[in-house]
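Work through the exercises below with the sequence and the 3D structure in view. Try each task before reading its solution.

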Amino acid sequence: MASASLPGAARGLGARRWLAMLARDPLACLAALFLLLLVAAALLGPALIPESAGRMNLRLRNAPPFELANGWLYVLGADTLGRSMLARLIEASRSTLMVASAAVALSFLIGGTLGVLAGYARGWGATLILRMADVLMSFPSLLLAVVVLYTFSPSIANIVVVLAVTRLPVYIRTARAEILELRERMFVSAARVMGAGPVRTALRHVVPFVLPTLLTLAAVDFAYVMLAESALSFLGIGIQPPDVTWGLMVAQGRGYLASAWWLAFFPGLFIMLTTLSLNLLASWLRVAADPQQRWRLEPGGKAGDAP
Amino acid sequence: MSGHLLEVNDLAISFGTVGGGVQAVDGISFHLDRGETLAILGESGSGKSVSASAIMAILDCPPGRIARGSILFEGRDLLSLSESERRRLNGERIAMIFQDTLAHLNPVYSVGWQIAETLEAHKRMAAREARAKAVRLMESVGIPEPARRANDYPHQFSGGQRQRLMIAMAMALEPALLVADEPTTALDVTVQAQILDLLREARDRTGMGMLLITHDLGVVADIADRVAVMYQGRIVETGPVREVLGNPQHGYTQRLLSAVPGREPPPPRAPVADLPVFEARNLTKHFPITGGLFRRATGEVVRAVDGVSLTLHRGETLGVVGESGSGKSTLARMLLRLEEPTSGAILFEGKDVSSLGGPGLLSFRRRVQVVFQDPFASLDPRMRVAELIAEPWTIHKDVLPRPRWNARIAELLSLVGLQPEHAARYPHQFSGGQRQRIAIARALALEPEIIICDEAVSALDVSIQAQILALLDDLQRAMGLAYLFIAHDLPVVRQIADRVAVMQRGRIVEQGPCEEVFERPQHPYTRALLAASPVPDPDAQAARRKARRELAGA
């Protein structure tokens, strides 16, 4: 009896299946590994190399990278105060990832929810959300951040909130545009005929279609937020030294591009690699989460594909 | 050099996919003479459109690949010509018209410009001269006020007019061969009849050969001289239309013909108890027309549904027929309470549906279900079949206890002719007919009393359509269901309905027992509809054509 084998198959995909699908996409696999490594470094790094990030060695000021003569800590060179680049990058990864992921998560959740509401509800509620988004969008986001951070203290929490708020409109507008189209789809009508209420239709039939788009958007936004944070830090109203982020490192190394390129290059490289990995992973996820596309990631999926 | 205009020999086309090649066309041969119409008849997936694409050199290669064979046009092998030679032939000597006219006319240029461009490109005609010729062509295909309308854009024309424009464009260079790929499939029957007349007239005037790709036996009977029946990439039968349709030799052709609804008088239907369950009283739906900069209401309205009253009895099938824009789908959406009526009442067992709320509405939802036209759109593509069928039970928690779901899903799938194993699959892994079965299984999950079928079989091939109709009939007998069966296809309605209501421009113009309406139509519109609906019999079709002319003349 087929129904006996049905429950397992009919429920969500097991973790093993997701891993197998990840393995089928080498680029996404690399991206996932890189991100895992990064998170591990951010979490464990400071414990492994305590205080090396702050230790100055003026004899090694602007020491060039790829030389092991000064010990492995200086393999990526040293900064203008003779601090190990590697240690500082690891130290910076912590605050960078924290600020960026918190800001992106916040704007993703709030913006996505507001967008879904704006797409679903008609009347003054939707209008209010949209006009709010318009105001935010037409106001230069950096200026807003400067004003807010200048008035309040430039703490990490404030930076996160400011960055999240300035990115809200993107999510609101994207989610709403998709919802407007989705809510007219035939299967949404079919669900209503079955008696499904607005909450059920939204969560079961509409949101799953918007989610991949928003996740891709979030991956791209991650880079934007990292750079915006560095811009704020450069202006002195972002992350305050001795705390450090990649963006701040890029900003500080900018003046030495001619003499010590590695000061700005390595943090920049990490920003790029992180963004790239997130993008690759997001596009993999979009395929993996779509039953109509998933066969591309499954071994022998083509043979079992035809009904 | 052979005397045929077009000669296809042993043509084979395969499509490379990651999992291996698919043989779409497997060695077909046919020929076409000047002034003749050859119909290639086949259901979806038979390879008929792929063959046409190969002749027009618009096959996507890769993934398509012409494995072997030759296509001789006026003695020259098209497959060995260079690309620039092919381009010159296309349009000038070989023209094509398509089913989807909106997709094949450029939306950003006026239609007059588009027709003139063909003339300028191929005949090196001066702009002014080409423009004048374009207007004459538009006039010849029956576009009213051609000089003014030449400045209009494709979306400003109706579907039938757009097909006329496509024909005008195709005829601009007086081609020797016209390939028509499902030219009337998207059109209403009355418009279809006009387009077929236009094509016939153009063929007789210019003496071109016409290759007609279609799935519609009625169209074949109407216009074709000879027919080639395609099935699974092969031509299984070919010959004069009268012989093939009158005395089919191959098993597939026989099955196809017997699947056509309304060939034989429908079986007598069991009498229906006089118990009204669903009633619409003077139902009206007006959509306001907005215009101007701020989308203000202009005060004018579109009367989509305009005072419709009908009654559905227990265990009965009520057919609602009408052409596109007649308001039948809006009517269905109102009956399902997906759309609020502007005025009028809908009574379900005597209670006003629009006043229902909370538990009352939920119980209404449980007892009235729907099967939509497009099975590709009405099933959530991210849900498995088991989840799709079980969804009604998650909403109506008291219908079925969860432990029994799987058994019931398997039961419902078998009931609609699918396998229980199919429960773990996704909708895209099924064919159109199978998906419609899933939609029916889902509608049955709540054991409703009424199912509204909104063009439920219109998108399906005739053989699949016959199966679905038989299934609906069986289910009605077994469960005492009542159907409100909305369709544009008269023979289908005749086969399944007890009573029929004919809709035109939002109103019901005629209503009555099926046999009476079909045998003794009273309203002129019903008569026009009946006369325009094609039948797969060349002689009967010719008689209908004559009747239609008289009707138009009267």
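Helices (H or I, at least four residues) and strands (E, at least two) are DSSP runs, numbered from the N terminus. This is a predicted model, in which local features need pLDDT of at least 70 and side-chain atom pairs count only at pLDDT 80 or more, while totals for chains, interfaces and linings use all residues. Residues are numbered from 1 along each chain as its sequence is written, and chains are lettered from A and ligands numbered from 1 in the order in which they are written.

**Exercise 1. The makeup of chain A**

Task: How many helices and strands does chain A have, and what percentage of its residues count as buried?

Solution. Count the elements: chain A has 11 helices and zero strands. Then take the burial figure: 38% of the 307 residues of chain A count as buried. Finally, note the extent: along the principal axes, the C-alpha atoms of chain A fill a box of roughly 75 × 50 × 30 Å.

**Exercise 2. Two helix pairs in chain A**

Task: Describe how H4(A) packs with H5(A), and how H9(A) packs with H10(A).

Solution. Two packed helices are described by the angle between their axes and the distance between the axes. Axes are lines fitted to C-alpha atoms, for helices over the stretch in contact, and angles run from 0 to 180 degrees between N-to-C directions. Angles under 35 degrees count as roughly parallel, over 145 as roughly antiparallel, 65 to 115 as roughly perpendicular and the rest as oblique.

First pair: the axes of helix H4 (residues 85–120) and helix H5 (residues 124–138) of chain A cross at roughly 135 degrees and come within 8 Å. H4(A) and H5(A) are therefore oblique to each other. Two residues are in contact if their C-beta atoms, placed from the backbone, lie within 7 Å. The contact involves Leu114(A), Leu117(A) and Ala118(A) of H4(A), with Gly125(A), Ala126(A), Ile129(A) and Leu130(A) of H5(A).

Among the contact residues are Met226(A) and Leu227(A) of H9(A), and Trp246(A) and Leu248(A) of H10(A).

**Exercise 3. A sheet in chain B**

Task: In what order do the strands of the six-stranded open sheet of chain B lie, and which stand at the edges?

Solution. Two strands pair if DSSP finds at least two bridges between them. The order is S6-S7-S8-S3-S9-S10, with mixed pairing. Strand S6 (94–97) and strand S10 (234–240) of chain B are at the edges; each has a single partner strand, so one side of each lacks a neighbour in the sheet.

Now follow one pairing. Strand S9 (residues 226–231) of chain B runs antiparallel to S10(B), and six bridges join them. Val229(B) has Glu237(B) as its bridge partner, and Val227(B) stands opposite Gly239(B). S9(B) and S10(B) form a hairpin with two residues between them, and Gln232(B) in the turn has a positive phi of about 50 degrees.

**Exercise 4. Where the chains meet**

Task: Which helix gives the most to the side of chain A that touches chain B?

Solution. Begin with the totals: 25 residues of chain A are in contact with 39 residues of chain B. Helix H1 (2–10), helix H8 (186–194) and H9 of chain A each supply at least two residues of that side of chain A. H8(A) gives the most, with seven residues.

Methods: Buried ≥ 20, exposed ≤ 12 C-beta atoms within 10 Å, placed from the backbone.
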